[in-house]
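Welcome! Let us take a friendly walk through one protein model, going from its inside to its surface.

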Amino acid sequence: MRVSIISFTEKGMALSVKLAERLKGQQIRLYTKCSRAGSEGVALFIEEDLKHWAGRQMEERNGLVFIGACGIAVRAIAPHIGDKLHDSPVLVIDENGQYVIPILSGHVGGANELAAVFAEKLNALPVITTATDIRNVFAADIFARKNRLFIVNKDGIAKVSSKLLAGETITISIEPGHLETGGSLETSGGLREPEALGKPGFPKGTAFPEKPSLPEGILLTEYPPVHRADIVVTSDKNAENGTLVLRPREYVIGIGCRRGKEAEKIHPFITKVLKELDISVEQADALASVDLKSQEEGLLSWSRKEGIPFITYTPEELKTIEEPVRPSEFVKQVTGVDNVCERAALKAAGPGGKLIYEKHAEDGMTIAIARRKWRVRFDET
């Protein structure tokens, strides 16, 4: 994620430079509204209205850090706030560098985690106000983000969190074969408690993987749930028996294009193929290509618009893919590898990934789709 830091005074500018220096390796961009602070060329001085600037940053899905008063940040982002599943993470840091305050998209956008990282770098105090965080309660939206699941019905988050905050136990039903237990995946029969054998929904002869370590207040239940579960994790689009439904981002889009290919051509091209395959954009885990395309604005534009990571690989990395691909001598001469879209899709899908849509070419663009082998675990939350 790219993070844009904006300051308003010389003191704030100095703090932004300090933070950027301590976050080496991160995609940090510095901006300022103080002409004197920006005169040294360390940060880009912005003349446009602050609300317009904030709107552009949020449209590009960048994280925002305001060094100054919370009121400035709130007024700047207010016209552009959408919903908790799509808003950019926004944080405020005081000029003395004492407090780091996430004010928008603490969980799904990762603002709370960014606050912890920034606070550590500045020896500051992260000011976290999210109820599940301060009470150390399982957070379904963090669980979803870290396991690369998308939230089908956002209203279910509050309902599940309310039960946990009230001290109640919630049930979670996970599609068999996708729960990682003790370093390995459960059997296709699903996780079963020995004492439950013989009861409805728990057939005899089921293998027993190691039981995962579950957060407090979480109870695994059968899949599909006989009774309504609080959380259902499944790739089945017809699954409805859950207060909160989470689905995997299980598809990777491999893509190649001619240099300078317009976003106006790339966007509908990807949309058309996904529609043909009945894949929603929320099910996409990544857009992948060769590193020669890392600055291709048309691809970056789609990635920013949809909030899908854009990953690129060197030709040498793509050549490690052993799956059969449809080679092209012309592509090899241009990029250094005989097939970009299929190799990139399989590379990003990881071990166990399978190509479900072979290379398709159209108007100087190529696309392929791979499905990754998804799994969920609890110790990542």
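## The nonpolar core

In this predicted model, the largest nonpolar core has 23 residues. The residues with the most contacts inside this core are Ile5, Leu30, Val65, Leu91, Ile93, Val100 and Phe118.

Which elements supply at least two residues each to this core? They are strand E1 (2–7), helix H1 (10–22), strand E2 (27–32), strand E4 (63–67), strand E5 and helix H4 (111–122). Helix H4 gives the largest share, with six residues.

## A sheet of seven strands

Now look at the strands. Seven of them make an open sheet with mixed pairing, in the order E3-E2-E1-E4-E5-E6-E7. Which strands sit at the edges? They are strand E3 (44–45) and strand E7 (125–126), and each of these pairs on one side only.

Inside that order, you can pick out strand E5 (residues 90–93) and strand E6 (residues 99–104), which pair in the antiparallel sense over four bridges.

Next, move to strand E18 (residues 354–362) and strand E19, which pair in the antiparallel sense over six bridges. Ala361 has Thr366 in E19 as its bridge partner. The hairpin of E18 and E19 has two residues between the strands, and Asp363 in this hairpin takes a positive phi near 50°.

## Aromatic rings that meet

How many aromatic pairs does the structure hold? There are five. In one of them, Phe138 and Phe143 form a tilted pair, 5.5 Å centre to centre with 55° between the planes. Phe138 and Phe143 are both buried. Phe138 also forms a tilted pair with Phe378, at 6.4 Å centre to centre and 45° between the planes.

Phe378 is buried, as is Phe138. Elsewhere, Tyr31, Trp53 and Phe66 form one aromatic cluster.

## Salt bridges across the chain

Charged side chains make links too. The whole structure contains 22 salt bridges. In one of them, Glu180 meets Arg375 at 2.9 Å, N to O. Glu180 lies in strand E10 (residues 180–181) and Arg375 in the segment after E19, so this pair ties together parts that are 195 residues apart in sequence. Are the two partners buried or exposed? Glu180 counts as buried because its relative accessibility is 17%, under the 20% cut-off. Arg375 is partly exposed, with a relative accessible area of 25%.

The segment after E19 also holds Arg372. Arg372 forms a salt bridge with Asp285, and their closest N and O atoms are 3.7 Å apart. Asp285 is in strand E16 (residues 284–290), and the two partners are 87 residues apart, so distant parts of the chain are linked. Both Arg372 and Asp285 are buried.

Arg326 is partly exposed at a relative accessible area of 29%, whereas Glu342 counts as buried at 0% relative accessibility. Salt bridges that share partners also join Arg2, Arg29 and Glu60 into one network.

## Out on the surface

Finally, step outside. Leu292, Phe330 and Val334 form a nonpolar patch on the surface, and together they have about 320 Å² of accessible area. Val334 lies in helix H11 (residues 329–335). With a relative accessible area of 47%, Val334 is partly exposed.

Definitions and conventions:
Residues are numbered from 1 along each chain as its sequence is written. This is a predicted model: local features need pLDDT of at least 70, side-chain atom pairs count only at pLDDT 80 or more; totals for chains, interfaces and linings use all residues. Side-chain values use heavy atoms; hydrogens and water are left out. Patches are made of residues with over 30% relative accessible area and no salt bridge: like charges are joined within 9 Å, nonpolar side chains (Val, Leu, Ile, Met, Phe, Trp, Tyr) within 5 Å. Accessible areas come from the Shrake-Rupley method with a 1.4 Å probe; for residues, only the protein chains shown count as cover. A salt bridge is a side-chain nitrogen of Lys or Arg within 4 Å of a carboxyl oxygen of Asp or Glu. Buried means under 20% relative accessible area, exposed over 50%, partly exposed in between (1.4 Å probe, protein chains only). Rings of Phe, Tyr and Trp (its six-membered ring) pair if their centres lie within 6.5 Å; planes under 30 degrees apart count as stacked, over 60 as edge-to-face and the rest as tilted. Two strands pair if DSSP finds at least two bridges between them. A nonpolar core is a set of buried Ala, Val, Leu, Ile, Met, Phe, Trp, Tyr and Cys residues joined through side-chain atoms within 4.5 Å.
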